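This report looks at how parts of one protein chain pack together.

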Amino acid sequence: MRLQKLQQEEALIINQVDNAIALFDRSNQLILFNNKLTLMWGLPTAFLEEKPTEQVIFNRIVEQGYWSESQKQQLETYLQSEDIANSCFYLQQSNSICLEIYTTLTSDGGRLFTFRDVTKYQQALRSANETQASLNAEVRRLDFLLQLTERLQPATDLKELGKFALSYLVEVTGAAFGDVKVIIGNSNQRYAGAITNQISGQFIATHGEIAVAEMQALLNQGIPYGEGLLWGVVETGEPMFVEDYYKNPKALPGFKHPAIGQLGIFPIPAADGTIIGVLTLESRSLQKLQEAPQQDMLMAACRTLGVAIERVQAQENLRRINEDLERASQMKSEFLASMSHELRTPLNSILGFSDLLLRQSAGSLSDRQVNYVQTIERSGEHLLQLINDILDLSKIEAGKVELNLRPVSIHYLCTECLKMIQVRAVKKRLALTLELDYRLEQANIDERRACQILINLLSNAVKFTPEGGQIKLSSRLAYGSQLEKEYRPDRSAINPSTPYLCLEVEDSGIGIPKHKWHLLFRPFQQVDASLNRYHEGTGLGLVLTKRLAELHGGTVSLESEVNKGSKFRVWIPLTEMRQEQARMAYLDFSPSQSKINLQLKEPPTSPAKAETKRVLVVEDQPYNQAFISEVLELEGYKVEMIYDGGTMMQTIYSPLVTPQRLPDLILMDIQLPQVDGFQLIRQLKAHELWKSVPVVAVTAIAMSGDRDRCLAAGADSYLSKPLKVDELIACVRLYTNSESKEVDS
């Protein structure tokens, strides 16, 4: 009874085990099993109690269709080859049940089989592997998009960016080829041009170089509007998937190859949603292109490409615009130079002959005639000032103005500017006053430009102040904290502790309405812009003042009240950096400035007391010829005239010219017919006979760098038209005086 009870308890324990158990003795007969074994394959208990061998049981399982014959043979082979005590074999049945079969050798030579159902585990493992694969693919996709975005930032070459995108997309989609096209043009004149494409080696090997060359030629040529399927994608903005592309009636002739089966055409959008390109991919599996993750990745890549294409196109447009602007600026400079010459040439005659007439060298004039000539001269000077304003503004805007910074006495600057404006102020009975802050005796500024600033402001004050009014010029040391409270057109940031030289012009004139202050510093703008305005001018004076102040690192400000007057202030910063720049500018420019002063210095010896000197004038304008001849002949010089550059070139190399026949001085116009003055000067200075003759360049161009170009060509000095009689005479005397020439050489 105890033995029977023990066997019952043992059977109960065995049947509670989840796994199927089968114990075979050393003769391979079944001696122990549990209920799980009968249930797993539907084996009758009576059959198992007959103690069948493991081979019989395995054959029965095969007969019932759970295992295949090959699976049984694999298991038997595995068991025969295994000498170790414990082993494990994996088997998936036809009913999708996955089994792990564990075998253990017993001490008496038998074998214990444990059949474990691991279907759920395998499913979970398979699901985990699939999830991992999906995650890996997603990570790879995200890494691709990240790299694409990173390459987008510095990318300036669309072809390089497109190649990077295609190398990944063609690989992951298993495509035979892919390309990126950009839409170019407008409306029905548009066409799709490929910026890059990629064709697999397998496709080339299958269809040959000729077919590939035909496809490549079509891509290089571009696809006109309406041809092919891509324009449907451009119009709708939705991707298109095409089965058997080569059979499609809209297929392009160059792409009708049987190997091209499935196509995916994806839109490349700009930031505003406009389709600016398309991505085309051929795939062995169209379903793969249409999968949501894949399609999301492709659309994200297209959006990134769209940003890149749009940015590169914008940069290209900007480059073309800059080139056009540069050409326009160059044409403007050339036009201004040409107009400067054309306008200054007649002005030279007008002002020159007016000056001669006022000197009354050729005979006395009546008071009325003197008045007429003075009117002509004033009108010419006014016209010259207008031309100079336009040229100065053009040079400043072109960045061709360099400041000659040096320590300048504020007292000297202000008093000299008041002297220049005094005659006009006296005519209107205006009271001029000067107020100086003696804490600031000098500043590092460009004296000529600072003088131009003050003359502009003082001229405006005289112009807009009624007779009997007052004008005050003052200078003082001020700080940024004071400037912050001022009305400034530029509204730039101010450091409250920065010291400034503040130059102020105050008048009791007509004043300016506050709502018109913004017009004052715009080019060619005037407060009174009507056709019948009372005050003349170009509207450039305050613009030039502002730009010149900004060149010094400063700014301008104003206060004004209608019928009470105005205060215009110029603020120039006084910093250590500015002082260092001034010192360097002084070292760079002072020799050149000294030379100019030396050239215009009148020598003590008058040519009338010396031997008659000969001056050769190379000039093509008859009025200028007459004016220069008149001035020099009245001074006792003998004038010889050559009318064009070609004749002067022949004269240089003429065998008839001897040292005795050389002139004492050559006045060389720069703009001449046939051969320009620069070339003639270089030829003169390179000629063994002529190089000793001083050459003074005379030009009406008056653009930035003209003086330097003349001196670089070999000229000894430079005069700008309109010529002033006193300057012309002083320059000629300097170079025809033997003592001066010896010193200069």
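In this predicted model, V570 touches I453, L457, L501, C502, L503, T545, A549, T555 and V556, leaving aside residues up to four places away in sequence. V570 is also one of the residues with the most contacts inside the largest nonpolar core, together with L413, L458, L501 and F568. That core has 40 residues. Elements giving two or more residues to this core include helix 13 (410-427), strand 14 (442-446), helix 16 (541-551) and strand 18 (565-573). Helix 14 gives the most, with eight residues. Apart from this core lies another one, of 30 residues, among them F144, V180, A270 and I309.

Five strands form an open sheet in the order 2-1-5-4-3, with antiparallel pairing. Strand 2 (30-33) and strand 3 (86-92) each have a single partner strand, so one side of each is left without a neighbour in the sheet. On average, neighbouring strands of this sheet are turned by 20 degrees against each other, direction ignored. Strands of a sheet pair through backbone hydrogen bonds. Strand 1 (residues 20-24) is joined to strand 2 by three bridges, and the two run antiparallel. Within strand 2, L30 stands opposite F24.

| Helix | Lies across | Angle |
|---|---|---|
| Helix 4 (residues 54-63) | strand 1, strand 2 and strand 5 (111-117) | about 25 degrees to strand 5 |
| Helix 5 (residues 69-81) | strand 3, strand 4 (98-105) and strand 5 | about 170 degrees to strand 3 |

Terms used. Residues numbered from 1 in each chain as written. Predicted model: local features only at pLDDT ≥ 70, side-chain atom pairs only at ≥ 80, totals over all residues. Heavy atoms only, no water. Pairing = 2+ DSSP bridges. Helix = DSSP H or I, 4+ residues; strand = E, 2+ residues; numbered from the N terminus. Axes fitted to C-alpha atoms, helices over the stretch in contact; angles between N-to-C directions. Contact = heavy atoms within 4.5 Å. Core = buried A, V, L, I, M, F, W, Y, C linked by side-chain atoms within 4.5 Å. Buried < 20%, exposed > 50% of the residue type's maximum accessible area, 1.4 Å probe, protein only.
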